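User: I have a structure open and would like to go through parts of it. Can we take it piece by piece?
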Amino acid sequence: MYKIAVAGTGYVGLVAGVTFAEVGHHVTCVDIDEEKVKLMKSGVSPIYEVGLDELMQKNYAAGRLDYTTDYESAYKDADAIFLGVGTPEQADGSANLSYIATVARQVAETIEKDCLVVVKSTVPVGTNDKVQQFIQDFLIHDVKVEVASNPEFLSQGSAVHDTMHAARIIIGTESKWAEDRLMEIYEPFQLPIVSVNRRSAEMIKYASNDFLALKISYMNDIANLCELVGADVQDVARGMSFDERIGSKFLNAGIGFGGSCFPKDTKALDYIARQNGYELKTIKAAIDVNKDQKTALYKKASKRLITFSGLKVAVLGLTFKPGTDDLREAPSLDNVPLLLEQGADIYAYDPVGAEHFAKFYPEGRNGNGSITYVSNVEQALKDGNVCFVFTEWGEVKAVTPEMYKNLMRTPLIYDGRNIYSVDDMKEVGVEYYSIGRQAVSRSHVNESEMIKLQTSRY
Ligand code: UDX
């Protein structure tokens, strides 16, 4: 078993560190934040991720996992150092590599034995060659150091499971020594390993993420056309999914992709292409479609209503997807300011994201409107006029058409995740709009109320 250090305790770093310990390696996670280190030592994860706390407690107690701010002690005799620090997007779409550079320098100045430096963070193609050179330049001791690329494919909300059961491990190395060491580190996971060179590994990460983003934008584009021609995008997706070449995953139309990866990685690849004098037309289109899609429902609602001013608007779900407290690039952040600007009185519900959201939009009056955070779906809907569904949390999915009808004053639902049945809404008589599917408009509702009236008469 190896002695491993992990730099950065965000989603990528912490989950990597904990799972390495779980398979038997000795791991020290390094972070600059003293408070965070204290929290982790007490067995609490700074990020919300199913099953992570349990694994942290178990491996810490077993002595295989530790946390520190003292990078020197963690790096100096490590067999491998994994970099899981952030590479945030800059204004021009490029990735900010300053955290990578800081850690690379610390590594160069502290390691006292041969060491494999493994970059897990998503970095532009060619970055790891530069990291290799950078470390070499600042190296103090006479040791061998090699940089490998090992991109991460975990999804937030299922990060531990995704890591322990990954579809594949991508390793990008430039020598047999580095390849063998990285293969051995991953051997206990018993997962398929794809071994390529460093640049290909870096590219696999972008190409994979951007392909998925493209798939979503494609389905959103098709969804918008479905609405115009009277087709149902969910039926279309189901029909497509039987073709194994297409597959059944990531065909869900909605209000666009968010999160820490797809928005950033599409822009980064577009930037890399432009830097190389190439125009990546497909990815540009995926970015464009996504931008429009995020406010598609708001635009629909604006056409339907004269104003949002004085209306009680329920917002169900704030995070970019269920199972996480992450708000990065969440559609709620595009829509809530528009609603507030139009004078809406928002009642927002999210099982884990509300506290964080309140940092951007504090409870109370906000511009022309107001926002109130509530602790359950019923409170959000009570006496409401309009409801927007932004995240498909279980408790939001569980809301029935009857609840909308009975709790709200004027049930008018905009479902950004296509989680309810159009037929059920029609049956109960709830005005309902979603993405790429038939709308249950006011006239349908009146029609269903008429039918009910008639049925009750006879
Ligand atoms: C993604 C990748 O899945 C993961 O492999 C990579 O390492 C990081 O980026 P993540 O951002 O955690 O993971 O979430 P994911 O479940 O992929 O969803 C991303 C966004 O796409 C979400 O906003 C989600 O709502 C949206 N999405 C996903 C759709 O709109 N439709 C779909 O069919 C699938």
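User: Where is Cys261 placed?
Analyst: Cys261 is in the loop between α10 and α11. Keep in mind that this is a predicted model.

User: What does UniProt call Cys261?
Analyst: An unreviewed UniProt entry annotates Cys261 as "active site".

User: Is Cys261 buried or exposed?
Analyst: Cys261 counts as buried, because it has 24 C-beta neighbours inside 10 Å and the cut-off for buried is 20 or more.

User: Which residues carry the "binding site" annotation?
Analyst: In the unreviewed UniProt entry, "binding site" covers Lys205, Phe250, Leu251, Asn252, Ala253, Gly254, Gly258 and Lys321. These residues are spread over 117 residues of sequence, and in space their C-alpha atoms are up to 23.9 Å apart.

User: Take Leu251 from that list. Where does it lie?
Analyst: Leu251 lies in the loop between α10 (233-241) and α11 (262-275).

User: And how is Leu251 classed, with how many C-beta neighbours?
Analyst: Leu251 has 19 C-beta neighbours inside 10 Å, so it counts as partly exposed. Buried would need 20 or more.

User: What is Leu251 in contact with?
Analyst: Setting aside neighbours within four places in sequence, Leu251 is in contact with Lys215, Met219, Ala237, Met240 and Ser241.

User: What separates Leu251 from Glu152?
Analyst: They are 99 residues apart along the chain, and 22 Å separates their C-alpha atoms.

User: Back to Gly258. Where is it, and is it buried or exposed?
Analyst: Gly258 sits in the loop between α10 and α11. Gly258 is buried, since 25 other C-beta atoms lie within 10 Å.

User: What does Gly258 touch?
Analyst: Not counting residues up to four places away in sequence, Gly258 touches Pro263, Phe320, Arg328, Glu329, Ala330 and Pro331.

User: Glu329 is on that list. What is its phi?
Analyst: Glu329 has a positive phi of about 55 degrees, although it is not a glycine. Glu329 is placed in the loop between β9 (312-316) and α14 (331-341). With 20 other C-beta atoms within 10 Å, Glu329 is buried.

User: What about the phi of Asn418?
Analyst: Asn418 is not a glycine either, and its phi is positive, about 50 degrees. Its place is in the loop between β14 (412-415) and α19 (422-428). Asn418 is buried, with 22 other C-beta atoms within 10 Å.

User: Which domain does UniProt list for residues 314-422?
Analyst: The unreviewed entry lists "UDP-glucose/GDP-mannose dehydrogenase C-terminal" for those residues. Over residues 314-422 the chain is 32% helix and 22% strand. The end C-alpha atoms of that stretch are 20 Å apart.

User: Change of topic: helices. How many residues of α1 are buried?
Analyst: 12 of the 12 residues of α1 are buried, so the helix is largely enclosed by the rest of the structure. Among them are Tyr11, Leu14, Phe20 and Glu22.

User: What covers those buried residues?
Analyst: The cover includes the strands β1 (3-7), β2 (26-30), β3 (65-68) and β4 (80-83), as well as the helices α3 (52-61) and α7 (159-164).

User: What should the span of α1 be, and what is it in the model?
Analyst: At 1.5 Å a residue, the 12 residues of α1 (residues 11-22) should span 16 Å. The end C-alpha atoms are 16 Å apart, which agrees.

User: Last one: how do α11 and α12 cross?
Analyst: The axes of α11 and α12 (residues 281-293) come within 9 Å and cross at roughly 145 degrees. The crossing is left-handed.

User: Which residues meet there?
Analyst: Thr266, Lys267, Leu269 and Asp270 in α11 meet Ile283, Lys284, Ala286 and Ile287 in α12. The residues of this contact divide into four nonpolar, one polar and three charged.

Methods: Residues are numbered from 1 along each chain as its sequence is written. This is a predicted model: local features need pLDDT of at least 70, side-chain atom pairs count only at pLDDT 80 or more; totals for chains, interfaces and linings use all residues. Helices (H or I, at least four residues) and strands (E, at least two) are DSSP runs, numbered from the N terminus. Two residues are in contact if their C-beta atoms, placed from the backbone, lie within 7 Å. The expected span of a helix is 1.5 Å times one less than its number of residues. Axes are lines fitted to C-alpha atoms, for helices over the stretch in contact, and angles run from 0 to 180 degrees between N-to-C directions. A crossing is left-handed if the near helix is turned anticlockwise from the far one by less than a right angle, and right-handed if clockwise. Ala, Val, Leu, Ile, Met, Phe, Trp, Tyr, Cys and Pro count as nonpolar, Asp, Glu, Lys and Arg as charged, and the others, Gly among them, as polar. UniProt positions are given in the numbering used here, feature names are shortened, and annotations may be inferred rather than shown by experiment.
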